[in-house]
Amino acid sequence: MAPWSIIYHMLSHGMKLALALVCFVHMTGKTSAVFTCSQDPNSNCKCTFNDDTKTQVDFSTIGLNTGDPKFDFGTYGQQAGDFVYAFNPCYPFSEPQGECQKVVACQELKGEKPAYFKIGDPAPKSWTTAADESIQVVYDSTQDGTTRTSTVTYRCSATALDPTLSLDSVGESKYDFTVTTCQACRPRVANCPVKSSSSNKITVGGILCIVFTVTVVLYLVGGVLFMKYQRGASGTEVIPNYGFWKDFPGLVKDGFLFVISPCRKDGYSSMD
């Protein structure tokens with residue numbers, strides 16, 4: 001075989017080998033890519049994946065913003081010997097009978113006189129992403145000189161529109177939980193809830209509206225009864241302060257005209 005033919009075959013095989021190596025590196029690099037979810041610096045409940053669409057995860061849609069735990073001792077209590085557990089992502093809750101005040105995770109020792117132990121304050125200690133893209137959030141809390149740590153793994157399930165909690169293991173002051181939820185999925189599940197399963201709390205405005213409504217009803221009912229049975233009034237005269245309410249629309253109109261009169265061009269009559 002001529003020398004140039006040998007060189008040609010060597011170069012040809014070398015090119016094929018190089019192309020195969022490039023394809024292998026490209027394919028393995030593509031399939032082994034691990035996406036991570038970085039915690040939002042302004043939130044204890046959100047993180048953003050470093051994928052092309054910047055998928056955002058928001059666990060505040062799981063927790064209850066009512067002062068009660070989403071996963072409570074009675075409904076979601078995780079049995080482990082004489083202990084049960086409660087957990088509420090993102091929002092603190094308090095156990096009125098024990099030491100668990102403004103926590104996201106609590107352990108209860110059952111008995112005639114239950115004992116409660118804080119196992120997670122609201123602010124996470126760390127927020128990391130595992131190789132399977134599940135999100136691990138670590139909480140801890142110190143009570144009576146003992147620090148207890150809870151590691152919660154949020155695992156993606158596209159069908160888990162209503163999240164579930166499971167207790168994986170209990171160690172020496174260490175607790176491992178898994179929350180299975182569509183909120184942990186990348187890309188985002190289309191029908192996964194986007195609003196908080198929160199808040200039935202009454203706002204300050206709501207309280208004021210209730211107080212105002214009750215006051216008006218008591219005023220009208222009490223006034224009518226007083227005018228009818230104490231004063232012997234009848235017809236429209238049973239309405240308390242009827243004269244005032246009769247003139248009230250006119251008073252409102254006069255007040256409105258007075259307020260806007262400086263803004264009107266004809267607010268002042270011309271002088272001859």
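This is a predicted model: local features need pLDDT of at least 70, side-chain atom pairs count only at pLDDT 80 or more; totals for chains, interfaces and linings use all residues.

Biologist: Fine. Is Asp 51 buried or exposed?

Modeller: Asp 51 counts as buried because its relative accessibility is 5%.

Biologist: Which residue forms a salt bridge with Asp 51?

Modeller: Arg 186 does, with the closest N and O atoms 3.5 Å apart. The two residues come from distant parts of the chain, 135 residues apart: Arg 186 is in the loop between strand E11 (174-181) and H2, Asp 51 in the loop between strand E2 (46-49) and E3. By salt bridge I mean a side-chain nitrogen of Lys or Arg within 4 Å of a carboxyl oxygen of Asp or Glu. Helices (H or I, at least four residues) and strands (E, at least two) are DSSP runs, numbered from the N terminus.

Biologist: How does Arg 186 count at its relative accessibility, and what is the value?

Modeller: Partly exposed, since the value for Arg 186 is 24%.

Biologist: And where does Glu 133 come in?

Modeller: Its side chain meets that of Arg 186 in a salt bridge too, 3.0 Å from N to O. Here the partners are 53 residues apart, Arg 186 in the loop between E11 and H2 and Glu 133 in the loop between strand E7 (126-129) and strand E8 (135-143). Glu 133 counts as buried because its relative accessibility is 18%. With shared partners, the salt bridges join Asp 51, Glu 133 and Arg 186 into one network.

Biologist: How many salt bridges does the structure hold?

Modeller: Four. Among them is the one between Asp 162 and Lys 70, with the closest N and O atoms 3.4 Å apart. Asp 162 is in the loop between E9 and strand E10 (164-170) and Lys 70 in the loop between E3 and E4, so this pair ties together parts that are 92 residues apart in sequence. Asp 162 counts as partly exposed, because its relative accessibility is 48%. Lys 70 counts as buried at 15%.

Biologist: Back to Arg 186. Which ring has Arg 186 over its face at 4.0 Å from the ring centre?

Modeller: That of Phe 35. The charged end of Arg 186 also sits over the ring of Phe 49, 6.0 Å from its centre. The cut-offs for a charge over a ring: NZ of Lys or CZ of Arg within 6 Å of the ring centre and within 35 degrees of the ring normal.

Biologist: New topic. How many aromatic pairs are there?

Modeller: Seven. Phe 59 and Tyr 154 form a stacked one, at 3.8 Å centre to centre with 10 degrees between the planes. Phe 59 lies in the loop between strand E3 (56-58) and strand E4 (83-87), Tyr 154 in strand E9 (residues 146-156), so the pair ties together parts 95 residues apart in sequence. Rings of Phe, Tyr and Trp (its six-membered ring) pair if their centres lie within 6.5 Å; planes under 30 degrees apart count as stacked, over 60 as edge-to-face and the rest as tilted.

Biologist: Are Phe 59 and Tyr 154 buried or exposed? And which residues do ring pairs link into a cluster?

Modeller: Phe 59 and Tyr 154 are both buried. The cluster consists of Phe 59, Trp 127 and Tyr 154.

Biologist: Last one, sulfur. How many disulfides?

Modeller: Five, counting cysteine sulfur atoms within 2.5 Å as a pair. One of them joins Cys 37 to Cys 47, S to S 1.9 Å. Its torsion about the S-S bond is about 90 degrees, so this disulfide is right-handed. Cys 37 is in strand E1 (residues 37-39) and Cys 47 in strand E2, so the pair ties together parts that are 10 residues apart in sequence.

Biologist: Which residue does a disulfide join to Cys 156?

Modeller: Cys 185, with S to S 2.0 Å. That link is right-handed, with 95 degrees about the S-S bond. Cys 156 lies in strand E9 and Cys 185 in the loop between E11 and H2, so parts 29 residues apart in sequence are tied together. Cys 156 is partly exposed, because its relative accessible area is 41%. Cys 185 is buried, at 3%.

Biologist: And what is the pairing, numbering the bonded cysteines in sequence order?

Modeller: 1-3, 2-4, 5-6, 7-9, 8-10.

Conventions:
Residues are numbered from 1 along each chain as its sequence is written. Side-chain values use heavy atoms; hydrogens and water are left out. Buried means under 20% relative accessible area, exposed over 50%, partly exposed in between (1.4 Å probe, protein chains only).
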